[in-house]
Amino acid sequence: CQRMVAAGLSVDLRSYYGCFRVDVRGSKEHKDLVEGFRSSMDPRIDCSMNLGKYDFYPAMCGKGNAVRYLQEKFKLDPSECAALFDDDNDLPMARECGVRLLPALTSDSIVDAVSKNPTWRVAKRCGQGVFAIEELLEFLVAHSASAGDDIAGAVPRVPAKPSTAAAAPRSEPLAAVTR
């Protein structure tokens, strides 16, 4: 962390417990610096992007680990779980769920992930906040009621290939993750 500050990166240690955030301010140079630090970090520290900032935290934490814990605790199969998500730090959580729903495409990396995962569902009202979330929740309720416990089996599979984060709203199925 001190090496990051010495390299000129903006590091926030005050607002978090057990983790810290690095703001790269959209700078490719700063992003490359952080990626260099990541490659030499202790493997007990993990990192993910959130709203264009890097979050560093203990590797045993994170959304993906939380979902795995809940699946084990409640004896749930991934096909019985859905993720409603929109950012890079949500991807580990999404990977643990059978259904993945996106109310927004918040970054180019999310658009890229969507293009590589045609079963994910992007809201038709993509980027329209609560309206997109409501649409996806209504979809989930309707399809889970008809599928029993296996909600993943109820989600139609339609390929989707958005080209940019600012792409027009898409109606193809994509996966959901929760914040």
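Modeller: In this predicted model, helix 3 packs against helix 4 through its buried residues. Helix 3 spans residues 63-73, and its buried residues include Gly 64, Val 67 and Gln 71. Viewed down the axis of helix 3, the buried residues fall within an arc of 65°, so they line one face of the helix. The face turned away from that buried side carries Tyr 69 and Glu 72, both of which are exposed.

The end of helix 3 has two further features. The charged end of Lys 73 sits over the ring of Phe 74, at 5.8 Å from the centre of that ring. Just after the helix, Lys 75 adopts a positive phi of about 55°.

In soluble globular proteins, nonpolar side chains tend to be buried together. Here the largest nonpolar core has 17 residues, of which Phe 85, Leu 102, Leu 105, Val 114 and Trp 120 touch the most other members. Helix 4 (91-95) and helix 5 (108-116) are the elements that give two or more residues to this core. Helix 5 supplies the largest share, with four residues.

Phe 85 counts as buried at 1% relative accessibility, and Trp 120 counts as buried at 5%. As for Arg 121, its charged end sits over the ring of Phe 139, 3.9 Å from the ring centre.

The search of the whole structure finds three aromatic pairs. Another of them is formed by Tyr 54 and Phe 56, which are stacked at 6.4 Å centre to centre with 25° between the planes. Tyr 54 is buried, with a relative accessible area of 0%, and Phe 56 is buried as well, at 1%. Together with Phe 20, these two residues form one aromatic cluster.

Strand 2 (residues 20-23) runs antiparallel to strand 4 (residues 53-58), and four bridges join them. Within this pairing, Arg 21 has Asp 55 of strand 4 as its bridge partner. Strand 4 also pairs with strand 3 (residues 45-50), again in the antiparallel sense, over six bridges. In that pairing Ser 48 stands opposite Asp 55. Strands 3 and 4 form a hairpin with two residues between them, and Leu 51 in the turn has a positive phi of about 55°. On strand 2 there is a further antiparallel partner, strand 1 (residues 10-12), joined to it by three bridges.

Cys 1 is found in the segment before helix 1 (2-6) and is partly exposed, with a relative accessible area of 35%. Leaving aside residues up to four places away in sequence, Cys 1 touches Val 11, Leu 13 and Phe 20. The C-alpha atoms of Cys 1 and Phe 37 are separated by 9.2 Å, although the two residues are 36 residues apart along the chain.

The protein chain has six helices and seven strands, in the order α-β-β-α-β-β-α-β-α-β-α-β-α from the N terminus. Of its 179 residues, 40% count as buried. Among contacts between residues at least 6 apart in sequence, 52% join residues at least 24 apart. Helix 3 itself thus presents two contrasting sides: a face lined by its buried residues, and an opposing face with the exposed Tyr 69 and Glu 72.

Terms used: Residues are numbered from 1 along each chain as its sequence is written. This is a predicted model: local features need pLDDT of at least 70, side-chain atom pairs count only at pLDDT 80 or more; totals for chains, interfaces and linings use all residues. Side-chain values use heavy atoms; hydrogens and water are left out. A nonpolar core is a set of buried Ala, Val, Leu, Ile, Met, Phe, Trp, Tyr and Cys residues joined through side-chain atoms within 4.5 Å. Buried means under 20% relative accessible area, exposed over 50%, partly exposed in between (1.4 Å probe, protein chains only). Two strands pair if DSSP finds at least two bridges between them. The arc is that of the directions from the helix axis to the C-beta atoms. Contact means heavy atoms within 4.5 Å. Rings of Phe, Tyr and Trp (its six-membered ring) pair if their centres lie within 6.5 Å; planes under 30 degrees apart count as stacked, over 60 as edge-to-face and the rest as tilted. A charge sits over a ring if NZ of Lys or CZ of Arg is within 6 Å of the ring centre and within 35 degrees of the ring normal.
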